[in-house]
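Please keep the structure in view while reading.

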Amino acid sequence: MAETVANGDQVNAHSVRFPLMEPEIAKDPGGFFDDLRSKCPVAHDDNFDGFWMLSRYRDVFDAALKPQTFSSASGINIPVIPQPPVLCIEQDDPDHRKFRKPLQGWFTEKRVQGWEPQVRQIVTTLIDKVIGEKKGDLAEIALSVPPMVIALILGLPEKDWDWLRERESTLLKLAQTGDKEGANAAVNDVYNYLSDSVEKRRASPEGDMLSDIAGLVVDGQVISHQQAVSLAFLILGAGHETTVGGIGGLLYRVFQGSDVRDQLIDDLTLVDSAVEEALRIESPLFGLGRMTTHSSTVEDVTIPVSV
Ligand code: HEM
């Protein structure tokens, strides 16, 4: 089916409605994507000023490897979040690699294992609260653990964790609420907070990830204050909603009335595979975007230039 898009180009994609946070779709995203892959692998949606959806693995994989056409440098969120490009996720190579590589050391298996005692402590405290009150909601635990752990890794003080969690959720709910003003205020609050924290670490490094970011050397020079704030902002947000969704997806599957829960209780060695499977079946993250810098043909559909 041909349709005319805002810039006057003719495109031969089917137009579908895909409100990203639609509860009906959220109930069965797998079914929705199955349908899309088989009937309309390159679909157009006119929400949020119009965007295309690639649903086949091969097409997404190929696009991800072609940053010269499918660029991250003008934003990767749908809708575009009103903020300057976030380093390093909103950069293309070679700049992307320069900012990403120095941070990789913080995410090695050994380093992550080193945080296990503190992460266990955070989870145990939350579960003890439920036991103490004789009631509780697992969603609260899923929502609380990731922002607390990321703040811990960055080296942000515990007294600020609740505030950060609230500000970030306001920002991340933009697609649901459409509250651009609220999202703007949340972005500013978190940027200002991180800006102060980076400044303190520059003056007096504390051996944590934020100090490392504040003193990062790229192309032989310490990165600017603004770049350091941007990287810290990414770490804070990137690991938050994704991990909340990952834990939520796992809990949802475990408590869906199958015997998964009993199997896990009987054999704790199955937990790792359960986590992997939950991430595969209940993907915590979809709908990340790219801006096309050249027109491109995917599955016989011409996607025009968007930047
Ligand atoms: C279940 C949990 C997670 C999922 C599903 C997930 C998913 C993803 C995806 C799909 C991307 C690629 C985005 C793109 O190319 O447009 C990404 C990038 C990234 N994620 Fe995660 N993520 C998770 C947890 C985390 C955590 C815990 C952190 C850090 C504390 C983190 C930090 C990052 C960073 C820094 C990038 C940018 C990497 C780059 O640009 O090369 N993520 N994540």
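**A guided reading of the chain**

Cys88 is situated in the loop that runs between strand E6 (70-71) and helix H4 (95-100). The model is a predicted one. Within it, Leu87 and Cys88 are joined by a cis peptide bond, with omega at about -5 degrees. The loop between E6 and H4 also holds Pro94, and the peptide bond leading from Asp93 to Pro94 is cis, with omega near 5 degrees. As background to these entries, most peptide bonds are trans, and most residues other than glycine have a negative phi.

The backbone also contains residues other than glycine with a positive phi. One of them is Asp219, whose phi is near 55 degrees. Asp219 belongs to the loop between strand E7 (217-218) and strand E8 (221-222). Its relative accessibility is 61%, and because exposed means over 50%, Asp219 counts as exposed. Glu299 likewise has a positive phi, near 50 degrees, and is located in the loop between strand E10 (296-298) and strand E11 (301-303). At 34% relative accessibility, Glu299 counts as partly exposed.

Which residues does Ile213 contact, leaving aside its neighbours within four places in sequence? They are Leu103, Leu154, Ile223, Ala228, Leu231, Ala232 and Ile235.

The next feature is an open space. Rolling a probe the size of a water molecule over the atoms shows where empty space is left. The second largest pocket has a volume of about 1900 Å³. Its lining comprises 41 residues, of which Val119, Val123, Ile247, Leu250 and Val275 are the closest to the pocket centre. By class, the lining divides into 30 nonpolar, five polar and six charged residues.

Which helix gives the most to this lining? H7 does, with eight residues. At least two lining residues are supplied by each of helix H5 (109-114), helix H6 (116-133), helix H7 (138-154), helix H12 (225-238), helix H13 (240-254), helix H14 (260-266) and helix H15 (271-281).

The chain may finally be considered as a whole. Its secondary structure comes to 15 helices and eleven strands. The radius of gyration is 21 Å, close to the 19 Å that the globule rule gives for 307 residues, so the chain is as compact as a globular protein of that length. Along the principal axes, the C-alpha atoms fill a box of roughly 60 × 55 × 35 Å. Of the 307 residues, 36% count as buried. Among contacts with a separation of 6 or more, 60% are between residues 24 or more positions apart.

Definitions and conventions
Residues numbered from 1 in each chain as written. Predicted model: local features only at pLDDT ≥ 70, side-chain atom pairs only at ≥ 80, totals over all residues. Heavy atoms only, no water. 1 Å grid on protein atoms, 1.4 Å probe; cavity = no way out; pocket = protein on both sides within 12 Å on 5 of 7 lines; lining within 4 Å. Points joined across faces, edges and corners; volume = space filled by probe spheres on them. Helix = DSSP H or I, 4+ residues; strand = E, 2+ residues; numbered from the N terminus. Nonpolar A, V, L, I, M, F, W, Y, C, P; charged D, E, K, R; others polar. Contact = heavy atoms within 4.5 Å. Buried < 20%, exposed > 50% of the residue type's maximum accessible area, 1.4 Å probe, protein only. Rg over C-alpha atoms; globule rule 2.2 N^0.38 Å.
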